Amino acid sequence: MAQATKTIDARGSFCPGPLMELIKATRAAEVGDVLEVLSNDAGSAKDIPEWAKKMGHTVLYVEEAEGYWKIAIKKER
Amino acid sequence: MAMRIVVLGGGTAGTTVANRLARALRPEIRRGAVEVTVVTDRDRHWYQPGYLFVVFNERPLEDFVRPERALLLPDVGMVVDAITRIDLERKQLISPHRHYPYDVLVIATGSYPDFQSVPGLAEVTYNFYTPEGAERLRDRLTTWTGGRIMIVQDVPHKCPAAPVEVTLMLDDYFRRRRLRDRVEIVYTYPIGRVHAAEPIADWAKQQFDARGIRYETFFNMEAVDPKRQVVLTMDGGEHPFDLLISIPAHKGAGVILNSGIGDESGFIPTDRHTLKMIGQDDVYVLGDATNLPISKAGSTAHYQAEVLVKNLVDRVRGLPETHLYNGKVACFLENSLGDASFITFDYDRPPKPAATSELLHWFKGMYNDLYWLTARGLM
């Protein structure tokens with residue numbers, strides 16, 4: 001599994017939500033960085049891959065842990 | 001010697017926490033065992049949610065500003081000075097004029113829209129996140145004769161529901177002025193729905209569809225061409241506008257960026273329950289200044305202040321700090337100039353918008369004046 005450059009703990013975030021935390025972190029990251037989001041919002045497992053694909057980033061994994069999801073993307077552009 | 005509790009910042013978070021502390025620690029302050037001092041770079045206090053009502057000419061800007069000294073209790077000291085650096089090692093705040101030592105520091109330095117974050121944006125945008133921006137937008141709308149108004153936003157920004165509110169209020173504003181058929185309202189959002197919180201997105205989408213408000217999702221601003229009046233998005237799209245209202249990404253305060261104690265945007269790593277700065281036992285952070293993944297909003301600061309004050313009082317009195325912040329936030333959602341919804345949520349419970357009603361709008365209207373009691377630590 002790719003080593004995350006940065007892990008964003010967005011558990012407990014409903015508004016603005018985990019994806020918005022990821023967008024913020026993506027802006028500050030370098031191309032090639034791996035960003036991992038922790039989320040307890042079930043919607044993230046769908047939202048984050050959908051956004052990443054649309055923006056041209058690679059989804060590395062979507063995993064369910066104990067009561068939360070771990071989702072990682074690689075910044076491609 | 002007195003324990004010096006210094007609150008850096010005189011906005012909602014700083015003022016509320018200082019006043020609540022002064023009330024709770026009155027005996028200690030009166031006998032000289034504790035000092036509470038607010039250090040702020042401005043002597044006026046703005047109620048920022050009021051700007052929305054300025055934009056639509058419902059209330060004058062003067063309704064939403066008070067002298068900071070008049071809001072602070074007499075037991076709270078106040079210093080107006082522009083702090084340029086926080087020295088955690090020597091436990092002092094530094095300005096070009098002097099140093100302010102502290103024993104306990106509460107950082108409440110807020111967040112600020114960065115209109116320079118997107119090339120070309122600052123030259124052409126209108127906004128409702130600053131007092132002068134709200135008046136300028138109000139004046140533009142009063143002389144508006146028609147065209148396309150585009151609402152664009154980036155993260156993080158304070159009051160995550162405000163862009164939806166301004167959109168819905170624009171619709172009602174132009175209907176009331178019998179101009180709605182000449183105005184195209186285009187709302188945009190960076191992800192695949194109209195708001196990140198799904199219940200709010202569902203609520204807003206229903207309103208947009210019913211009221212002929214256009215929306216574009218996956219809309220990620222890259223640049224603005226002020227001459228051609230076009231927003232350029234990351235997917236290569238070009239989106240023309242006649243009037244652009246933007247809510248750009250926010251940054252933490254300059255003093256945080258300058259002190260190197262925040263993340264790349266100037267937000268301070270903070271424990272989500274104790275509100276202590278990570279790795280610091282004597283420094284607390286609240287309101288917009290934290291890096292917590294929750295709404296940057298006055299209500300967040302208010303609920304955090306309630307928890308923080310209990311812990312600080314216990315700390316002063318030699319008791320363990322046992323109170324934990326549960327992530328609580330509460331927001332009104334204006335649906336028009338005459339009705340509103342309301343949401344409340346925390347780390348464990350997602351928001352669920354209440355049925356819209358005139359009553360909730362009235363309550364919001366009353367809160368615009370009741371706010372001064374919150375800042376005084378009374379409610």
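## A first walk through the model

F218(B) sits in the loop that links β13 (214-216) and β14 of chain B. Helices and strands here are DSSP runs (H or I, at least four residues, for helices; E, at least two, for strands), numbered from the N terminus. F218(B) is not a glycine, yet it has a positive phi of about 50 degrees.

Before going further, some ground rules. This is a predicted model, so local features need pLDDT of at least 70 and side-chain atom pairs count only at pLDDT 80 or more, while totals for chains, interfaces and linings use all residues. Residues are numbered from 1 along each chain as its sequence is written, chains are lettered from A and ligands numbered from 1 in the order in which they are written, and side-chain values use heavy atoms, with hydrogens and water left out.

Chain B has another backbone detail to look up. V155(B) and P156(B) are joined by a cis peptide bond, with omega at about -5 degrees. You'll find P156(B) in the loop between β11 (147-153) and α7 of chain B.

### Strands side by side

Two strands pair if DSSP finds at least two bridges between them. Here are some pairs from both chains, each with a couple of residues that stand opposite one another.

| Strand pair | Bridges | Sense | Opposite residues |
|---|---|---|---|
| β15(B), residues 230-233, and β16(B) | three bridges | antiparallel | V231(B) and H239(B) |
| β3(A) and β4(A), residues 69-74 | six bridges | antiparallel | Y61(A) and A72(A) |

In chain B, β15 belongs to an open sheet of three strands, ordered β14-β15-β16 with antiparallel pairing. The edges are β14 (221-225) and β16 (238-240) of chain B, each with a single partner strand, so one side of each is left without a neighbour in the sheet. From one strand to the next, the twist averages 25 degrees. Angles like this run from 0 to 180 degrees between N-to-C directions, and axes are lines fitted to C-alpha atoms, for helices over the stretch in contact.

Chain A has an open sheet of four strands in the order β1-β2-β4-β3, and its pairing is mixed. Here β1 (6-9) and β3 (58-64) of chain A take the edges; each has a single partner strand, so one side of each is left without a neighbour in the sheet. The twist in this sheet averages 15 degrees from strand to strand.

Which strands does helix α1 of chain A touch? Helix α1 (residues 18-28) packs on the sheet of chain A and touches β1, β2 (34-39) and β4, where contact means heavy atoms within 4.5 Å. The direction of α1(A) makes about 160 degrees with that of β2(A). Helix α2 (residues 44-55) of chain A packs on the sheet too, touching β2, β3 and β4 of chain A. Its direction makes about 5 degrees with that of β4(A).

### Helices meeting helices

Back in chain B, helix α1 (residues 12-24) packs against helix α10 (residues 298-316) at an angle of about 30 degrees, with the axes 9 Å apart. Their crossing is right-handed (a crossing is left-handed if the near helix is turned anticlockwise from the far one by less than a right angle, and right-handed if clockwise). Among the residues that meet are T12(B), T16(B) and R20(B) from α1(B), and A301(B), H302(B) and E306(B) from α10(B). By class, this contact has ten nonpolar, four polar and two charged residues. Ala, Val, Leu, Ile, Met, Phe, Trp, Tyr, Cys and Pro count as nonpolar, Asp, Glu, Lys and Arg as charged, and the others, Gly among them, as polar.

T12(B) is worth a click. Leaving aside neighbours within four places in sequence, T12(B) is in contact with H45(B), G298(B), A301(B) and Y371(B). The side chains of T12(B) and Y371(B) are joined by a polar contact of 2.7 Å. That term covers a pair of N or O atoms within 3.5 Å; within protein, one must be able to donate a hydrogen and the other to accept it, and residues adjacent in sequence count only if both atoms are side-chain atoms.

Then there's helix α7 (residues 162-176) of chain B, whose axis comes within 11 Å of that of helix α8 (residues 198-210) of chain B, crossing at roughly 20 degrees. α7(B) and α8(B) are therefore roughly parallel to each other (angles under 35 degrees count as roughly parallel, over 145 as roughly antiparallel, 65 to 115 as roughly perpendicular and the rest as oblique). The crossing is left-handed. V164(B), T167(B) and L168(B) in α7(B) meet W203(B), A204(B), Q207(B) and F208(B) in α8(B). This contact has five nonpolar, two polar and no charged residues.
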